[in-house]
Each structure stands twice: as C-alpha cells, then as structure tokens.
Amino acid sequence: MRKTIEAMYYDNLSISGRSLNKNGEYYKTEREVCDAAVKLEETLTPQQKALWQEYTTLSMKANDLGCRDNFILGFRTATCLLVEALADTSDDESFPIAG
C-alpha cells in the first residue's frame, strides 16, 4: 500500500488530473522563492554558487521526504478514521444511527 500512496503523492496515478493554480498562494510563493534565489546567486562567487546549489538540492530532497512521509501519515490517519466510522456501533447508544 505504501507504494500506491507514494505514487499518489508524486502524482503518478493522475488521480486529481489538476494542474497548479497559477493564481494561488502556493504558486505565488514559489515564484517569490525562485526570484529571491536568482538574486542571491547573482551575488555569489563560483565557489559559493557550488555550495549554494548543493545546499538547495539537499534542502529540497529533505523537504520532499518530509512532505511524502506526512502525506502517507495523513492518508493512514484518514483510513483509520474511516474504519472507525464504519465499525459496528450496534452497542453504542450514543451513536446517532445506532439501532
């Protein structure tokens, strides 16, 4: 199941069929990050640029791994909630639909 969830995370299943909203807050923030990175790179020496690229690559990888794990955790949590919601509640008098 983890592979399926990861495939969903990386949009390899094309479940949503959606593209990034270019008017959304995420897209605008990504543009600002990219613009700031370009401005910073213009001020760096070649040696500093190499270090900045290494830092950027590793930072993006760490962020991606964290986001993927949080996506999987959220999916599993939602699944547990669904299982509990569908569980037999016949002996639960406080459940609004119970017998």
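The largest pocket in this structure has a volume of about 410 Å³. The model is predicted.

**The largest pocket**

- Its lining is made up of 16 residues.
- Glu-30, Val-33, Thr-56, Ser-59 and Met-60 are the lining residues that lie nearest the centre of the pocket.
- Two elements give two or more residues each to this lining: helix H2 (25–42) and helix H3 (46–86).
- H3 supplies the largest share, with nine residues.
- Sorted by class, the lining of the pocket holds nine nonpolar residues, four polar residues and three charged residues.

**How H1 and H3 pack**

- Two packed helices are described by the angle between their axes and the distance between the axes.
- The crossing in which H1 passes H3 is right-handed.

**The contact between H1 and H3**

- On the H1 side, the contact is made by Arg-2, Ile-5, Glu-6, Met-8 and Tyr-9.
- On the H3 side, the residues are Asp-64, Cys-67, Arg-68, Asp-69, Phe-71, Ile-72, Phe-75 and Arg-76.
- Taken by class, the residues of this contact are seven nonpolar and six charged, with no polar ones.

Key: Residues are numbered from 1 along each chain as its sequence is written. This is a predicted model: local features need pLDDT of at least 70, side-chain atom pairs count only at pLDDT 80 or more; totals for chains, interfaces and linings use all residues. Side-chain values use heavy atoms; hydrogens and water are left out. On a 1 Å grid over the protein atoms alone, a cavity is a set of points where a 1.4 Å probe fits but cannot get out, and a pocket is an open set with protein on both sides within 12 Å along at least five of seven lines; lining residues have an atom within 4 Å of a point. Grid points are joined across faces, edges and corners, and a volume is the space filled by probe spheres set on the points. Helices (H or I, at least four residues) and strands (E, at least two) are DSSP runs, numbered from the N terminus. Ala, Val, Leu, Ile, Met, Phe, Trp, Tyr, Cys and Pro count as nonpolar, Asp, Glu, Lys and Arg as charged, and the others, Gly among them, as polar. A crossing is left-handed if the near helix is turned anticlockwise from the far one by less than a right angle, and right-handed if clockwise. Contact means heavy atoms within 4.5 Å.
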